[in-house]
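Okay, thanks for coming, everyone.

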Amino acid sequence: MSDKTPSYIAVADLRIGHYVYLDVGWMHHPFTFSSFKISSDDEIATLRSLGVAKFPYDPSRSDVKPDNTPKKPEVTKTPAPSSQPTSDNSAALKEKQERISLAQRFRAKLIAVEKEYSKAGAIVRDIVKNLFSSPVQASASANKLVTEIADALAPKEDVAVYLMSDHSATGEEVYFHSLNVATLAMMVARSMQFDAAKIHTVGMGGLFHDIGKAEIPDKILLKTEPLNSHEEALFRQHTALGVKAANHLKLSEEIKDIIAQHHECIDGYGYPVGLRGNQISIGARIVSVVNAYDSLCNPHDPTSAVIPYKALSTMFAKQKDRFDTDVLMTLIRLLGVYPPGTIVKLSNDMVGMVIGVNTSNPLRPQILVYDEGISHEESITLDLQREKDINISSAINPAQLSKGAIEYLNPRKRVKYYVDTSSSALNS
């Protein structure tokens, strides 16, 4: 509820279209949300059965015009609270408890996946630090990590992609960028029916695509203003430096092609050579798309970050000529129109953040819902594959959220993804 003085409506005056707030405790009513727009006579009957004389409501969010005639709620006509729930409410409360149990299992799954993600990030950090001092160890660690991700992707068609928390230390973003790119690139390669060896090659190319940046000065890599011509020329050398490092690591020619070509563009306006179309290896075309997407979401300057929804729509609408169309459409199909990390408005006027996507049905993601009547610890996680009556209306910019919603949803400054294939916890 907003900070302004709330309006109240007597229970006898409730109508379909009133937007009401329930301040009776979340487990003392059978509704999923503690605030909602009344959509049926059954909901009105349930509200009247709660034994509440009047409800806070929001005239501005209601479809019913307020009755300005002064009234006093007739408390004596309101049903007294029952010590036992009605049979209808009991069934609804049981269904609600099942939904809570599913949400708890989802949170437990997310915690487990985040632990695996943190381990993977630490491995990437060690690989980068050992590139030149222990190249054999670095290469072996990279192969092991990519194999583990590939093995996780292999068993099932339905892959769950989860949004990770943003707890990495400053300066470690490069490691998680490489992990993001490797993971998403392998998902794309798998979806494009690549065999296991090619998926592994794409993963290694994604993991090492920016290896040459280790020799570029931080004052260039971290600069938030546009690079001058000299700085841009030095920055572009990271692809050649990457190939040199790949030679040191004894990586395959296919992996070196990805490192060398991941900034080439289908239209011929990329670098370092200006290759065009199929002159660019398919692995490089995949990493190019994923790298561009992750760089839009996770730039060095977080203030210039683009929300995931906007990143994909920008790439499709304004940059499509730069990318392999099949690869770009595969990424969009896997992540959905509303990728993890996107803030959305739902068809019931609630807002939330997409925190998980099942690649078999990406248009029905899992959403953490902002409900000010429910503590963050008990927050609702909706699986739209189950909630058939609720849809996403639109994506919204986090800047449009209230302070309370920002604190509750905690929109990520850095968008990080990881996968799990044991099936969505909400479907288990």
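What you're looking at is a predicted model, so local features need pLDDT of at least 70, side-chain atom pairs count only at pLDDT 80 or more, and totals for chains, interfaces and linings use all residues. Residues are numbered from 1 along each chain as its sequence is written, and side-chain values use heavy atoms, with hydrogens and water left out.

The overview, then. The chain has 13 helices and 11 strands. Of its 428 residues, 49% are buried, where buried is under 20% relative accessible area, exposed is over 50%, and partly exposed is in between, using a 1.4 Å probe and protein chains only. I'll also talk about contacts, and those are heavy atoms within 4.5 Å. Take the contacts between residues at least 6 apart in sequence: 70% of those join residues at least 24 apart.

Let's zoom in on E43, which sits in helix α1, residues 41–48. Is this glutamate buried or exposed? E43 counts as buried, because its relative accessibility is 18%. What does its side chain reach? A polar atom of the E43 side chain is 2.7 Å from the backbone nitrogen of S39. If you leave out residues up to four places away in sequence, E43 touches F31, F36, K37 and I38.

Now some helix packing. In general, two packed helices are described by the angle between their axes and the distance between the axes. Here the axes are lines fitted to C-alpha atoms, over the stretch in contact for helices, and the angles run from 0 to 180 degrees between N-to-C directions. Under 35 degrees counts as roughly parallel, over 145 as roughly antiparallel, 65 to 115 as roughly perpendicular, and the rest as oblique. As for handedness, a crossing is left-handed if the near helix is turned anticlockwise from the far one by less than a right angle, and right-handed if clockwise.

Start with helix α4, residues 173–191, and helix α5, residues 196–208: their axes come within 7 Å and cross at roughly 155°. So α4 is roughly antiparallel to α5, and α4 passes α5 in a right-handed crossing. On the α4 side you have S178, V181, A182, A185, M186, A189 and R190, and they meet I199, V202, G203, G206 and L207 from α5. Sorted by class, the residues of that contact are eight nonpolar, three polar and one charged. For those classes, Ala, Val, Leu, Ile, Met, Phe, Trp, Tyr, Cys and Pro count as nonpolar, Asp, Glu, Lys and Arg as charged, and the others, Gly among them, as polar.

Helix α5 also packs on helix α9, residues 253–261, with axes that come within 9 Å and cross at roughly 40°. That makes α5 oblique to α9, and this crossing is right-handed. Here T201, V202, M204, G205 and F208 of α5 meet E254, I255, I258 and I259 of α9. That contact has six nonpolar, two polar and one charged residues. Notice V202: it turns up in the contact with α4 and in the contact with α9.

One more pair: α10 and helix α11, residues 308–318, pack at about 135° with axes 9 Å apart, and are therefore oblique to each other. Which residues meet there? From α10 it's V289, A292, Y293, L296 and C297, against P308, A311, L312 and M315 from α11. By class, that contact has nine nonpolar, no polar and no charged residues.

Most residues other than glycine have a negative phi, and most peptide bonds are trans. K250, in the loop between α8 and α9, has a positive phi near 60°; K250 counts as exposed, because its relative accessibility is 73%. D349 has a positive phi too, about 75°, and lies in the loop between β6 (343–346) and β7 (351–358). With 22% relative accessibility, D349 counts as partly exposed. And the peptide bond from Y271 to P272 is cis, with omega near 15°; P272 is in the loop between α9 and α10 (282–297).

Technical notes. Helix = DSSP H or I, 4+ residues; strand = E, 2+ residues; numbered from the N terminus. Polar contact = N/O pair within 3.5 Å; in protein donor to acceptor, adjacent residues only side chain to side chain.
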